[in-house]
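Hi everyone, thanks for making time for this one. I'd like to walk you through a structure, starting with the overall picture and then stopping at a few places inside it.

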Amino acid sequence: MIRTRSLLGSSWGARLLLLSVTLVPLGCSSPAERIERATRTASSWAATARLTSEALRIGSLPRGYASQILEAALERKRQLEGQPEWRSVPGEIRGRLEDAARELAASLDEGSDSLPRP
Amino acid sequence: MTKLVQIALGVFTSIGGFLEIGAIATTAQAGAAFGFQLIWAVLLGTICVIFLVEMSGRLAAVSRHTIKDALRERFGPRVYMVTLVSDVLINLMVLAAEIGGMSLALQLVTGISFQWWAVPVGLLTWFVLWKGTFGLIENGVSLLGMVAIVFVVAAFTLQPSLHEIGAGLLPSLPSHRPLHYWFIAVSILGAAISPYLFYFYSSGAIEDDWDESHIGVNRAVAVIGMGFGGLLATAVLVVAAMVFHPVGIEAERLEQVALLLSQPLGRWGFYLFAATLFICCLGAAFELALATAYSFAQGLGWNWGEDVRPRDASRFTLVYTIMIAGVSLLMVSGIDPLQLTLFSMALTALILPLVTFPFLILMNDRDYVGDYGNGWISNTAVITISLLASLLALVAIPLQLLGG
């Protein structure tokens with residue numbers, strides 16, 4: 001005989017919800033964390049653009065894909081530049097992103113007039 | 001068909017079900033951000049999913065019930081409805097991510113934005129489900145999914161340190177960004193232990209008419225198939241740890257993840273990545289759409305079956321039709337597939353106990369499984385891993401949401 005029983009009615013759900021709500025304020029990031037995040041993001045996109053340039057140069061990537069990466073890198077750069085913490089990102093990192101985007105654009109530039117410019 | 005062929009087909013099915021956008025995205029992010037340090041999370045998820053898949057096949061073979069069917073019968077409509085609502089919400093998010101993954105694979109190759117591909121990709125998914133048979137879906141896409149082995153080839157080509165991989169198998173505390181570390185760990189667990197996978201698997205066992213003679217086949221499929229799926233996911237993590245981690249690439253967008261294979265394998269690596277992403281997401285989209293339709297039909301007593309003509313199972317067909325249409329239109333809006341994937345995987349981990357605990361009760365109920373009930377090892381492993389994943393998710397999700 002198959003029985004039917006209820007699993008509901010426990011207060012565990014309410015307790016977990018309370019714990020979750022209590023922990024939420026801990027997640028708010030400080031200005032220093034926001035600067036660190038912006039630095040990391042800029043550094044990551046600089047490395048992405050550089051790796052793409054190198055791969056493009058040795059023919060390991062199609063040009064269409066490399067131009068998608070360039071567009072994405074420039075879009076991310078624009079977003080970062082619109083944030084107040086961008087001015088606190090070390091100049092070296094900002095320069096690295098600028099240079100990497102320019103380098104990728106130059107690698108793509110040969111034979112194309114419709115590529116985004118850094 | 002011999003049992004050996006059934007095992008082989010089942011293994012292919014498991015590979016298709018295991019490696020999808022969730023596993024690719026979470027393991028790539030893990031390798032990029034933390035090197036080999038999060039391999040333990042893949043291992044833990046693989047162990048848990050082996051147990052759960054084996055259990056779902058055993059339940060179907062012995063009791064001739066799918067999980068949903070048995071849940072409704074054993075616990076009544078309230079528990080069934082709770083699991084149905086949570087499944088549908090998660091499945092919708094994950095299906096949207098899979099449609100996004102396929103669209104993005106096409107964007108990588110064609111340069112046309114993924115939003116334009118969402119509707120054609122949704123139509124393709126729906127058309128194959130409408131016209132195809134269970135065998136076609138189970139075997140056809142899953143055989144194509146073997147292309148994912150390219151990640152293992154890439155990992156070998158890069159010659160990673162076995163010592164570092166071994167160290168990553170043991171859980172360790174992060175040296176930096178603890179919040180992100182735990183969020184990615186939770187997302188990896190959510191990606192591996194996807195409830196839709198075992199709902200689909202138990203329904204498939206019924207569609208394939210399994211009985212007690214399939215217990216051995218089921219065990220082999222669960223262990224070899226899911227184990228191999230775990231190996232593929234580990235390979236993605238290893239490649240990301242070798243290619244992205246040393247240069248500081250974070251893999252915040254899927255376009256970046258496509259760079260993974262071009263370094264070890266050149267231009268072919270790029271195309272194989274796009275093919276792997278497309279095929280694995282397509283396989284997962286089939287499984288998600290069917291698993292959701294199965295969940296409705298089996299609990300509400302509708303006709304169901306992928307081998308049944310759509311007109312004979314109209315409500316079953318309607319569920320996956322609405323679902324695919326809805327999420328395809330959602331992806332047209334331009335939601336970032338990677339962010340959607342990460343959060344849906346973490347949410348999956350959060351609701352795991354809701355899914356696994358009633359299932360465990362079924363697997364210990366002799367009315368259903370007779371002498372084939374669970375042993376203490378499988379009970380303990382599933383309870384521990386589900387609770388761990390859920391508690392980590394409970395803490396990591398709100399913190400990640402607010403802390404970015």
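A word on terms before we start: when I say helix, I mean a DSSP run of H or I with at least four residues, and a strand is a run of E with at least two, numbered from the N terminus. Please also keep in mind that this is a predicted model.

With that in hand, let's take chain B. Chain B has 19 helices and zero strands. Its radius of gyration is 20 Å, close to the 22 Å that the globule rule gives for 404 residues, so chain B is as compact as a globular protein of that length. Along the principal axes, the C-alpha trace of chain B spans about 55 × 45 × 45 Å. Of the 404 residues in chain B, 61% are buried. Looking at contacts in chain B between residues at least 6 apart in sequence, 86% of them join residues at least 24 apart.

Now over to chain A. Chain A has four helices and zero strands, and from the N terminus its elements read α-α-α-α. Chain A has 118 residues, of which 28% count as buried. For contacts in chain A between residues at least 6 apart in sequence, 76% join residues at least 24 apart.

So what sits in the middle? The largest nonpolar core has 179 residues, and the ones with the most contacts inside it are B:Val186, B:Val239, B:Ala240, B:Ala289 and B:Ala346. Helix H14 of chain B, residues 262-300, gives the most to this core, with 22 residues. If you click on B:Val186 and set aside residues up to four places away in sequence, you'll find that B:Val186 touches B:Ala346, B:Ala349, B:Ala389, B:Leu392, B:Ala393 and B:Ala396.

Next, a couple of individual helices. Helix H3 of chain B covers residues 39-63. From first C-alpha to last, this 25-residue helix reaches 36 Å, close to the 36 Å expected at 1.5 Å a residue. H3(B) is mostly covered, with 22 of its 25 residues buried.

Which way do they point?

Let me finish with two residues. B:Leu340 lies in helix H16 of chain B, residues 337-350. Is B:Leu340 buried or exposed? B:Leu340 counts as buried because it has 21 C-beta neighbours inside 10 Å, and the cut-off for buried is 20 or more. Beyond its neighbours within four places in sequence, B:Leu340 is in contact with B:Met93, B:Ala96, B:Ala97, B:Gly100 and B:Ile335.

The other residue is B:Trp130, in helix H6 of chain B, residues 114-131. B:Trp130 has 14 C-beta neighbours inside 10 Å, so it counts as partly exposed. B:Trp130 and B:Leu260 are 130 residues apart along the chain, and their C-alpha atoms are separated by 35 Å.

That's my tour, and I'm happy to take questions.

Note on methods
Residues numbered from 1 in each chain as written. Chains lettered and ligands numbered in written order. Predicted model: local features only at pLDDT ≥ 70, side-chain atom pairs only at ≥ 80, totals over all residues. Expected span 1.5 Å × (residues − 1). Buried ≥ 20, exposed ≤ 12 C-beta atoms within 10 Å, placed from the backbone. Contact = placed C-beta atoms within 7 Å. Core = buried A, V, L, I, M, F, W, Y, C linked by C-beta atoms within 7 Å. Rg over C-alpha atoms; globule rule 2.2 N^0.38 Å.
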